[in-house]
Amino acid sequence: SNYALKYVRANDTNGSVWGTPVTIDDGGYAGEHTSLAVVNGNPAISYYGNGAVKYVRATDSNGSSWATPIIVDSVGDVGYSTSLTVVNGCPAISYFDLSNYYLKYVRSQDANGETWNDPIVVDASGVVGYDTSLAVVDGKPAIAYRHHEDDDLRYVRAQDPNGETWNDPVIVDDSGRASRYMSLKVVNGVPAMSYLDWSAGDLKYVTASDEAGSSWNGPVAVDSEGYLGQFTSLAVVCGEPAISYYDKTNGDLKYAYYTTEP
């Protein structure tokens, strides 16, 4: 109801007890499409605020106080589905340009994210990039995203460590309205994704067959009992992939992890 961006941190290492939320940006409509990362030792957030891509970094390692938010891109209505990570020592963001229907990428000129380069259009082949996930793959930035018109899951990786030039995208899953809510990570040395198969209502997981993500294996249905797989988040837990996601059929938050045990 307040349309504000907030941040909260646990008081213990297990997250059993939580501190008081801190309001970071309450200047109008702020705080949607957030992505949190540690940037040069302090927490930082990319987000959509009042039609712009915004970025803010804490002034301390705990996130008790925050600097003034920075507008990274405000040309048109931009900033849906931001994904923040550190690329070659500087923060970088992938996001959707709603005005032009482009997938965009932007990287800071410094380690804290105080000054930013001009955004780069990574894919302009239609309505692309509403769902994005940015990661560093084999030393170069890479993005998983959805092509809305072709209804396929795509992956694209830069040709250089900063993300100044990009390769052609690779289609990972084109089985029909295949992808939403994807999450890209490096798992056991290769890029991997969790995502919702929009047509089937299944949670799926897919891995590349090489370190760069030039080609991909067939996807695996992780959970298919009901309509589930929204808002996925993929991480490596004890060396193996694990996914948190939403079960829409039962209204539950769920967690799945890989195991070789029957």
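Two strands are taken to pair if DSSP finds at least two bridges between them. Helices (H or I, at least four residues) and strands (E, at least two) are DSSP runs, numbered from the N terminus. The structure is a predicted model, in which local features need pLDDT of at least 70 and side-chain atom pairs count only at pLDDT 80 or more, while totals for chains, interfaces and linings use all residues. Residues are numbered from 1 along each chain as its sequence is written, and side-chain values use heavy atoms, with hydrogens and water left out.

An open sheet is formed by four strands in the order 3-4-5-6, with antiparallel pairing. Its edges are strand 3 and strand 6 (70-73), each of which pairs on one side only. From one strand to the next the twist averages 30°; axes here are lines fitted to C-alpha atoms, for helices over the stretch in contact, and angles run from 0 to 180 degrees between N-to-C directions.

Within this sheet, strand 3 and strand 4 (residues 42-49) run antiparallel and are joined by seven bridges. Ala 37 is placed opposite Ala 44 of strand 4, and Val 38 has Pro 43 of strand 4 as its bridge partner. The two strands make a hairpin with two residues between them, and Asn 40 in the turn has a positive phi of about 50°. On to strand 5, strand 4 pairs in the antiparallel sense over six bridges, with Ser 46 opposite Tyr 55. Strand 4 and strand 5 likewise form a hairpin with two residues between them, where Asn 50 in the turn has a positive phi of about 55°.

Val 56 belongs to strand 5 (residues 52-57). Val 56 counts as buried because its relative accessibility is 1%. Leaving aside residues up to four places away in sequence, Val 56 touches Leu 5, Ile 24, Ala 44, Ile 45, Tyr 47, Trp 66, Ala 67, Thr 68 and Pro 69, where contact means heavy atoms within 4.5 Å. Val 56 and Leu 134 are 78 residues apart in sequence and 18 Å apart in space, C-alpha to C-alpha.

Strand 12 and strand 13 pair in the antiparallel sense over six bridges, and Ala 142 has Arg 157 of strand 13 as its bridge partner. These two strands form a hairpin with four residues between them, and Asp 151 in the turn has a positive phi of about 55°. Strand 13 also runs antiparallel to strand 14 (residues 170-173), joined by three bridges, with Leu 153 opposite Asp 173.

A nonpolar core is a set of buried Ala, Val, Leu, Ile, Met, Phe, Trp, Tyr and Cys residues joined through side-chain atoms within 4.5 Å. The largest such core has 14 residues, and those with the most contacts inside it are Tyr 155, Val 172, Leu 184, Met 193 and Trp 216. At least two residues of this core come from each of strand 11 (128-137), strand 12 (140-147), strand 13 (152-157), strand 15 (180-187) and strand 16 (190-197).

Rings of Phe, Tyr and Trp (its six-membered ring) pair if their centres lie within 6.5 Å; planes under 30 degrees apart count as stacked, over 60 as edge-to-face and the rest as tilted. The count comes to 12 aromatic pairs. Tyr 3 and Tyr 29 form a tilted pair, 5.1 Å centre to centre with 35° between the planes. Tyr 3 lies in the segment before strand 1 (5-7) and Tyr 29 in the loop between strand 2 (22-25) and strand 3 (30-39), so the pair ties together parts that are 26 residues apart in sequence. Ring pairs also link Tyr 48, Tyr 80, Phe 96, Tyr 101 and Tyr 130 into a cluster.

Notes: Buried means under 20% relative accessible area, exposed over 50%, partly exposed in between (1.4 Å probe, protein chains only).
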